[in-house]
Amino acid sequence: MKKIELLFLFILVTNLIVAQDKPKVVLITLDGLRWQELFSGADPLLVANKDFVHDTTALKNQFWKETKKARREALMPFLWNEVAKIGRLHGNRALGSKVDLTNKMWFSYPGYNEILTGHADDERITSNDKLNNPNTTLLEIANHDKRYKGKVAAFGSWDVFPYIVNEERSGVPVNAGFEVAAGANLSEREKFLNELQPKVPSPWGTVRLDAFTHHYALEYMKKEHPELVYIAYGETDDFAHDGEYDAYLKSAKNTDAMIEELWRYTQQDSFYKDNTLFIITTDHGRGTQPLETWKSHGEKIKGAGAVWMILFGKGVSPQGESAQNEQLYSNQIAPTVLKAFDLQDSSKKMKGKPLNILIE
Ligand SMILES: [Zn+2]
């Protein structure tokens with residue numbers, strides 16, 4: 001073999017190794033799930049409160065335990081029995097671990113913008129209106145890089161996600177709101193979901209039930225194997241606004257099971273197995289005092305800027321529940337994913353520093 005051919009072969013092989021070495025990323029958000037429930041389970045002031053619960057006996061039977069530890073395990077068993085052993089959970093303020101938004105709006109579009117773009121934009125992102133995001137998300141940066149082009153996808157229960165991701169400009173496919181799966185090679189399960197979704201009415205006009213978002217995402221992962229997938233569950237926020245604490249808790253528990261299903265799937269699929277980083281977070285917190293502010297959020301609601309984040313899978317050193325004094329911010333998530341992918345934010349707009357969680 002000639003020297004030049006050898007050199008070419010060497011470059012080809014090292015490129016392949018580098019590409020294979022990068023983790024896949026599953027980024028997940030639960031809309032407006034409070035850190036209080038994540039770390040302490042059912043709230044003693046709400047679980048038996050007839051103003052917010054239809055059947056207090058049934059809800060207590062399902063979610064009430066003597067200790068916070070037992071209550072959170074009853075609420076989110078996958079996160080507390082498994083993820084706590086292999087990953088990291090940040091944001092339990094009772095232990096000194098703080099995660100906060102840097103935007104001052106404390107509602108959804110500004111929260112998702114911050115998570116996905118790595119910076120707050122309180123000048124321009126000031127409503128939940130369906131306006132195409134002027135900022136560039138990490139999904140768009142990945143999709144405009146030749147290594148990841150066409151291997152990025154987003155799924156959301158809320159119908160504003162195509163605008164938050166700026167589907168039009170980014171080219172990232174977004175299945176959100178009441179959209180069905182499209183394309184020529186739909187799986188049998190996708191066809192069934194398309195048939196079922198219009199027949200199962202959502203309680204809300206702009207948000208579908210999370211099971212549809214979840215299964216559309218899972219089917220897409222099986223079929224297309226995206227390197228980066230973003231899944232945005234929405235029910236928790238809407239049930240909270242409706243003042244239905246029972247539905248809020250049940251939805252949190254269902255979402256825990258859906259995250260478990262995603263994790264199990266990735267660990268038996270050769271494309272994702274042992275090489276997938278999971279990051280889970282929320283777009284904003286909610287109130288606690290006065291009591292009825294648990295239903296709400298926004299700049300006037302005390303504590304609604306307090307959030308949380310969970311990381312596990314490829315490259316994450318296990319720490320469990322963080323019990324150290326620390327201050328993390330939601331704007332660190334996008335830079336962390338870019339770092340895992342070895343991608344640059346060429347616009348240099350990202351404010352957050354990548355999280356120092358990776359083994360490598
Ligand atoms: Zn909300």
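**Aromatic pairs, core and sheet**

A search of the whole structure finds 18 aromatic pairs. Rings of Phe, Tyr and Trp (its six-membered ring) pair if their centres lie within 6.5 Å; planes under 30 degrees apart are stacked, over 60 edge-to-face, and the rest tilted. This is a predicted model, in which local features need pLDDT of at least 70 and side-chain atom pairs count only at pLDDT 80 or more, while totals for chains, interfaces and linings use all residues. Residues are numbered from 1 along each chain as its sequence is written, and side-chain values use heavy atoms, with hydrogens and water left out.

Take Y245 and W294. Their pair is edge-to-face, with 5.1 Å centre to centre and 90° between the planes. Y245 lies in helix α13 and W294 in the loop between β7 (276–281) and β8 (306–307), so the pair ties together parts 49 residues apart in sequence. Helices (H or I, at least four residues) and strands (E, at least two) are DSSP runs, numbered from the N terminus. Y245 has a relative accessible area of 0% and is buried. W294 is also at 0% and counts as buried. Buried means under 20% relative accessible area, exposed over 50%, and partly exposed in between (1.4 Å probe, protein chains only). F52, Y245, Y248 and W294 form one aromatic cluster.

In soluble globular proteins, nonpolar side chains tend to be buried together. Here the largest nonpolar core has 104 residues, and I28 and Y245 have the most contacts inside it. Helix α13 (residues 245–266) gives this core its largest share, 10 residues. Such a core is a set of buried Ala, Val, Leu, Ile, Met, Phe, Trp, Tyr and Cys residues joined through side-chain atoms within 4.5 Å. Leaving aside neighbours within four places in sequence, I28 is in contact (heavy atoms within 4.5 Å) with residues including I231, Y233, I259 and F278.

Now helix α4 (residues 68–75). Its buried residues are R71, R72, A74 and L75.

Eight strands form an open sheet of mixed pairing, in the order β5-β4-β6-β1-β7-β9-β2-β10. Its edge strands, β5 (174–176) and β10, each pair on one side only. Two strands pair if DSSP finds at least two bridges between them. β4 (residues 152–156) and β6 (residues 228–233) pair in the parallel sense over five bridges.
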